[in-house]
Amino acid sequence: MAKTRRNLYMTDENLDIVKRVMEEQKLVSESATVSFIINEYAKQKTLSEEIVERINKENKAWMERVRWATKTAEVNSQILIDAINTMLLIQGVKYCSHIEYDKSPVIEQSEEKIKERIAHFKQEKDNRKRKE
């Protein structure tokens with residue numbers, strides 16, 4: 001690789017860093033030290049980009065699943081709110097019973113079914129992991 005002479009201006013703090021790196025790495029000149037720092041920066045930048053790319057690749061499917069689940073939950077929530085609001089308006093209900101204090105048996109059954117379904121999916125996931 002061809003080298004070109006350059007005059008560089010740097011602060012005393014930066015020069016101290018160059019000298020410290022020169023000592024630590026046992027380099028023979030300030031020029032070699034600046035080249036070393038630049039090469040290390042390039043390696044670090046490349047490594048950082050590889051790590052980000054790998055993380056994005058490994059999490060892509062998971063992120064798509066989260067995005068889909070969030071969208072589905074939002075749509076279902078809005079549908080349920082609209083349906084319940086319509087029922088309350090038609091029936092003229094004026095009183096709100098908070099679920100923490102007064103839970104319907106239907107809600108209790110629903111919560112139990114959801115827990116069972118989550119446990120089932122977790123078991124399937126654990127079984128898949130054991131097969132791998």
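In this predicted model, the axes of helix α1 (residues 12-25) and helix α2 (residues 30-91) approach to within 9 Å and cross at roughly 90°. Because angles of 65 to 115 degrees count as roughly perpendicular, α1 and α2 are therefore described as roughly perpendicular to each other. On the α1 side the contact is made by L15, V18, K19, V21, M22 and Q25, which meet E30, T33, V34, F36 and I37 of α2. The residues of this contact between α1 and α2 comprise seven nonpolar, two polar and two charged.

Just after α1, K26 adopts a positive phi of about 55°. At the start of helix α3, a side-chain oxygen of S104 lies within 3.1 Å of the backbone nitrogen of V106.

| Helix | Number of residues | Span | Expected span |
|---|---|---|---|
| α3 (residues 105-131) | 27 residues | 39 Å | 39 Å |

As to confidence, the mean pLDDT of the protein is 90, and 100% of its residues reach 70 or more. Among the elements of the protein, helix α1 has the highest mean pLDDT, at 94, whereas α3 has the lowest, at 89.

Terms used: Residues are numbered from 1 along each chain as its sequence is written. This is a predicted model: local features need pLDDT of at least 70, side-chain atom pairs count only at pLDDT 80 or more; totals for chains, interfaces and linings use all residues. Side-chain values use heavy atoms; hydrogens and water are left out. Helices (H or I, at least four residues) and strands (E, at least two) are DSSP runs, numbered from the N terminus. The expected span of a helix is 1.5 Å times one less than its number of residues. A polar contact is a pair of N or O atoms within 3.5 Å; within protein, one must be able to donate a hydrogen and the other to accept it, and residues adjacent in sequence count only if both atoms are side-chain atoms. pLDDT is the predictor's confidence in each residue, from 0 to 100. Axes are lines fitted to C-alpha atoms, for helices over the stretch in contact, and angles run from 0 to 180 degrees between N-to-C directions. Angles under 35 degrees count as roughly parallel, over 145 as roughly antiparallel, 65 to 115 as roughly perpendicular and the rest as oblique. Contact means heavy atoms within 4.5 Å. Ala, Val, Leu, Ile, Met, Phe, Trp, Tyr, Cys and Pro count as nonpolar, Asp, Glu, Lys and Arg as charged, and the others, Gly among them, as polar.
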